[in-house]
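Biologist: Could you put the model up and talk me through it?

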Amino acid sequence: MQPKTLFDRIWERHLVAEPEGEPALLYVDLHLIHEVTSPQAFEGLRLSGRRVRRPDLSLATMDHNVPTDEGPVTDLLAHRQLEALRRNCEEFGVTLFATGSGREGIVHVIGPELGLTQPGITIVCGDSHTSTHGAFGALAFGIGTSEVEHVLATQTLAQRRPKTMRISFEGELPERATAKDLILAAIGELGVSGGVGYVVEYGGEAIRALSMENRMTVCNMSIEWGARAGMIAPDDTTFAYLEGRPAAPEGAAWEQALDNWRALAGDTDATFDRELVVDVSGLVPQVTWGTNPEMVAPLDGAVPDPADYGDAAERAGVERALAYMGLTPGTKIEDIAVDRVFIGSCTNARIEDLRTAAAVVAGKRVHPSVRALVVPGSATVKRQAEEEGLDRIFTGAGFEWRRAGCSMCLGMNPDILQPGERCASTSNRNFEGRQGSGGRTHLVSPALAAAAAVAGHFVDPRELEPVA
Amino acid sequence: MKAFRHVTGRAAVLDRGDVDTDQIIPKQFLKRIERTGYGEFLFFDWMKEPDFELRRPEYAGARILLAGRNFGCGSSREHAAWALQDYGFEVVIAPSFGDIFRTNALKIGLVPIVLPADTVEVLMRAVSDGSSLTVDLEAQQVAGPGHLVVEFEFEPFARDCLLQGLDDIALTLKREEAIVAYERSHAAAVDTTALSL
């Protein structure tokens, strides 16, 4: 029998039809919905008299434009959009975890924490960071609003079979480097379009050693180098994370699920369209300096000089990025001062991220020139952090402690940068204006963001003044 | 979806790589619940720059956009495709596209055409004086000033859908029997209604 990859197995198990000369029709096991990319899809159903085929495989939450301070939604457009989601979910029978329900949060944080995200299933959502769920060995990818409507109506999606790639991260990750640094460095190497057309399986010793939450950080950023999806073969780490979660199977069904999940990993002799090996044993913390995630440098490095780029188009891009970022070539990364720090987003706002950041700031103070924000990824993460006393560590150091949401990752709510403000952010995109028109974003790990909040500039957390 | 066969019109040149959907339509315009009216917000921040390419008078009324590699990378927001179409573009030609953007464009009848980077450069030079291009999806050709003719590849099924303006949900619903058969033979992995509060 032809050896198969993890992707091959999931793809083949979800084929509803393979019409000659047309894309394959793939079944969708879980459809996640939020307020921003769904209203036009529900309206499309209404206009054509269609229903939601499988409300039981759909789940909606409010995340993108919800304010994170206590208090009502004062933005009328945001309010109208959130109310539209509420009405649509009622009308079409879709379960909604609304703000204040206690289960709301960033759609890619709540799927895993509820145990809905499971190995071997297909997951789509009108959001490009749906790739996050691939950390469980699911095939998960972002779709647009027309496709959201298609999934609502048919529970399927027409898809061309993508190419496959495997990246093996070999060696042991040094203590000061994190999953965020691993994926940022990889994107720096492969470029923002290096993954276009591929579903990528991340493997190797360094990936196996990561916790589930760190694996989610890696898969989350697959789209930042253009990959259709990122995935990691499920193993005991995956199963231990899932056991006992609200939507995870129980009893005999759990044992049966384990048997199925253990059989998912790809055959050792399966081949990919492209295979890469990356040695991470020398990896250091990473900081982006430009306006897309491939524009990244090591913490002990410097802002590059456009003159060093041979390709004219690339040089123009770097010049434009540096002008936007207000940076001079040759400036040491550690000499870049920040005005704002954002710890949050579907990339880095789970409990382990908050623990890591809290450990860095414990007993220290946020630098007087910095305004720092922690936005937990979900109401559940927030509750757990408060039970562990992390909120008091953050507020005691001078951080603002907020309610769950996407917040300053994309600034659809009131949490935005002012023009010219510079932010150390644990999010996923440093595009121009992403966190607010004219705002300047540097992507970093939670540990580096926390250290920047204390020092007022980028610095290795180990070099912060010890607590007196 | 409106059918598309061919278009003749001015082509605007945006010779930058990795133009992300955050630039095409910034987040503050994603709060609307309508599908139309995004054109006036296209490239909202860049349009404020006096020398932004799309503000050049020779590109007024352009119906074709010539762009750099990896156009439409980033966010899945279909609003980016809606904004380009609402602004008046019917075709985008680039060396490569972000996957989700390309799919979104196809779904709404905004035609994404991939050509090699050096061919896109030839087209960019050819229209720099405001000359028109003709894009013919049926013939899979782009024709420009002089005797410039370039052929392009297009996935046959997607091309048929565009040429006929097909509703892909209606197409899938014709496969109702196959969907039902799949559902009968595959137990659902999750039940979100069991999580209802």
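Modeller: We can go from the overall fold to the sheets, some single elements and the contact between the chains. This is a predicted model, in which local features need pLDDT of at least 70 and side-chain atom pairs count only at pLDDT 80 or more, whereas totals for chains, interfaces and linings use all residues. Residues are numbered from 1 along each chain as its sequence is written, and chains are lettered from A and ligands numbered from 1 in the order in which they are written.

Biologist: How many helices and strands are there in chain A?

Modeller: Chain A has 15 helices and 19 strands, where helices (H or I, at least four residues) and strands (E, at least two) are DSSP runs numbered from the N terminus. Its radius of gyration is 22 Å, close to the 23 Å that the globule rule gives for 468 residues, so chain A is as compact as a globular protein of that length; the radius is taken over C-alpha atoms, and the rule is 2.2 Å times the number of residues to the power 0.38. The C-alpha trace of chain A spans about 60 × 55 × 45 Å along its principal axes.

Biologist: Sheets next. In what order do the strands of the five-stranded one run?

Modeller: The order is β5-β4-β3-β6-β7 in chain A, an open sheet with parallel pairing, where two strands pair if DSSP finds at least two bridges between them. Its edge strands are β5 (95-97) and β7 (139-142) of chain A, each pairing on one side only. The twist averages 20° from one strand to the next, with axes as lines fitted to C-alpha atoms, for helices over the stretch in contact, and angles from 0 to 180 degrees between N-to-C directions. Strand β6 (residues 122-125) of chain A runs parallel to β7(A) and is joined to it by four bridges, with Ile123(A) standing opposite Ala140(A).

Biologist: Which strands are at the edges of the four-stranded sheet?

Modeller: That open sheet of chain A has the order β11-β10-β9-β12, again with parallel pairing. β11 (229-231) and β12 (274-279) of chain A have a single partner strand each, so one side of each is left without a neighbour in the sheet. Inside it, β9 (residues 163-170) and β10 (residues 198-203) of chain A run parallel over six bridges, and Ile167(A) has Tyr202(A) as its bridge partner. Helix α1 (residues 6-13) of chain A packs on this sheet, touching β9, β10 and β11 of chain A, and its direction makes about 130° with that of β10(A).

Biologist: What about β15(A), which way do its residues point?

Modeller: In β15 (residues 340-343) of chain A, Arg340(A) and Phe342(A) point one way and Val341(A) and Ile343(A) the other, and all are buried. β15(A) pairs in the parallel sense with β16 (residues 371-374) of chain A over four bridges, and the chain crosses between them through helix α12 (residues 351-361) of chain A in a right-handed β-α-β crossover; right-handed means that, with the strands pointing away from the viewer, the path from the first strand over the helix to the second runs clockwise. β15(A) also pairs in the parallel sense with β18 (residues 422-425) of chain A, over three bridges, where Arg340(A) stands opposite Cys423(A).

Biologist: Now the interface: how many residues of chain B are in contact with chain A?

Modeller: There are 48 residues of chain B in contact with 67 residues of chain A. Helix α3(B) gives the most to that side of chain B, with six residues.

Biologist: Is α3(B) largely enclosed or exposed?

Modeller: Nine of the 10 residues of α3(B) are buried, so the helix is largely enclosed by the rest of the structure; among them are Ile100(B), Phe101(B) and Leu106(B). After α3(B) comes Gly109(B), with a positive phi near 85°.

Definitions and conventions:
A residue is buried if 20 or more other C-beta atoms lie within 10 Å of its own, exposed if 12 or fewer, and partly exposed in between; C-beta atoms are placed from the backbone. Two residues are in contact if their C-beta atoms, placed from the backbone, lie within 7 Å.
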